[in-house]
Amino acid sequence: EPFPYELMTRVAEVWHQAFCERSEGLAYLESRGITNKGLLRSLQAGYCDGEKLLAITNAAERSLLQRVGILNGEGKEFFARSVVFPLKDKSSRVVGFYGRSTLPKSKVPHRVCAGSKAGLFYVEAARGASQVFLVEGVLDALALMQAGFSQVMALGGTQGVNAALLDHLRAEKVSELVLCLDGHQAGKAASQQLQEHLSQEG
């Protein structure tokens, strides 16, 4: 069955509109030091209230959203009460989302869905760039971008570089990668592993 690219784009637009109209998403990001509204608009930051998609989609669309993971097995919105950012493929098509719960004691603070596709945060960073900064997560990327660095991509955790990210960096002929990971034990270990992995990959 074809991937629902148009529906994913519509979801991104609906959530971005909600982010602009409601205060919860921006308030959460501001509490984490991310205050540049222009940057957030350009990245199509969104907010999922847990109800809007269910109200504006039909049964067939909801079935597709369930297949890609935007709705869970019970048909509820997986990203409810989360700030969300679209994840894109190398052709800049929306194939999934990264979400960060705005609830203080969420059992699942980080959420990702991309169905069968491998989506990346801010694929545009590597376009025409000789150097790209790799950070651990999306919020780390936002902080670095807010500080004035535009060529920033997120690993999506310290577990390593996924194949889609490596393929994208290779295709864009990026010659230098700068690893910016946390200084804690896990971050140092991951940095060492990544350096070895990237050296092997060339």
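Visitor: Which residue of strand 3 does V83 stand opposite?
Guide: V83 has R100 of strand 3 opposite it. Bear in mind that this is a predicted model.

Visitor: How many bridges pair strand 2 and strand 3, and in which sense?
Guide: Seven bridges, and the sense is antiparallel. The two strands form a hairpin with five residues between them.

Visitor: What phi does S92 take in that hairpin?
Guide: A positive one, near 65 degrees.

Visitor: Which strands make up the sheet around there, and in what order?
Guide: Four strands in the order 1-2-3-4, forming an open sheet with antiparallel pairing. Strand 1 (46-48) and strand 4 are at the edges; each has a single partner strand, so one side of each has no neighbour in the sheet. On average, neighbouring strands here are turned by 30 degrees against each other, direction ignored.

Visitor: How many bridges for strand 1 with strand 2, and for strand 3 with strand 4?
Guide: Strand 1 and strand 2 pair over three bridges, antiparallel, with G46 opposite V84 of strand 2. Strand 3 (residues 94-101) pairs with strand 4 over four bridges, also in the antiparallel sense.

Visitor: Strand 2: how many of its residues are buried?
Guide: Six of the seven, so strand 2 counts as mostly covered.

Visitor: Where else does a non-glycine have a positive phi of about 60 degrees?
Guide: At K173. That residue, K173, lies in the loop between helix 7 and strand 7.

Visitor: And how exposed are R81 and K173?
Guide: R81 is partly exposed, at 32% relative accessibility. K173 has a relative accessible area of 68%, which makes it exposed.

Visitor: Now strand 7. Which sheet is it in?
Guide: An open sheet of three strands in the order 6-5-7, with parallel pairing. The edges are strand 6 (152-154) and strand 7 (176-180), each with a single partner strand, so one side of each is left without a neighbour in the sheet. Neighbouring strands of this sheet are turned by 30 degrees against each other on average, ignoring direction.

Visitor: What joins strand 5 to strand 7?
Guide: Five bridges, with strand 5 (residues 131-135) and strand 7 running parallel. V135 is opposite C180 in strand 7.

Visitor: Which helices lie across those strands?
Guide: Helix 6 (residues 138-146) lies across strand 5, strand 6 and strand 7, at about 170 degrees to strand 6. Helix 7 (residues 163-171) lies across strand 5, strand 6 and strand 7 too, at about 160 degrees to strand 6.

Visitor: What is R127 in contact with, beyond its neighbours within four places?
Guide: K90, S92, H168 and E172. S92 is the hairpin residue with the positive phi. R127 itself is in the loop between strand 4 (110-113) and strand 5, and at 32% relative accessibility it counts as partly exposed.

Visitor: Change of topic: how long is helix 1?
Guide: Helix 1 (residues 5-21) has 17 residues and reaches 25 Å from its first C-alpha to its last, close to the 24 Å expected. Its buried residues include W15, H16 and F19.

Visitor: What is the angle between helix 1 and helix 5?
Guide: About 90 degrees, and their axes are 11 Å apart. The two helices are therefore roughly perpendicular.

Visitor: Which residues meet there?
Guide: L7, M8, R10 and V11 from helix 1 meet E61, L64, L65 and V68 from helix 5. Six residues of the contact are nonpolar, none polar and two charged. L7, M8 and V11 are also among the buried residues of helix 1.

Visitor: Overall, how many helices and strands?
Guide: Eight helices and seven strands. The protein has 202 residues, and 45% of them count as buried. Of the contacts with a separation of 6 or more, 62% come from residues 24 or more positions apart.

Key
Residues numbered from 1 in each chain as written. Predicted model: local features only at pLDDT ≥ 70, side-chain atom pairs only at ≥ 80, totals over all residues. Heavy atoms only, no water. Pairing = 2+ DSSP bridges. Axes fitted to C-alpha atoms, helices over the stretch in contact; angles between N-to-C directions. Contact = heavy atoms within 4.5 Å. Buried < 20%, exposed > 50% of the residue type's maximum accessible area, 1.4 Å probe, protein only. Expected span 1.5 Å × (residues − 1). Parallel < 35°, antiparallel > 145°, perpendicular 65-115°, else oblique. Nonpolar A, V, L, I, M, F, W, Y, C, P; charged D, E, K, R; others polar.
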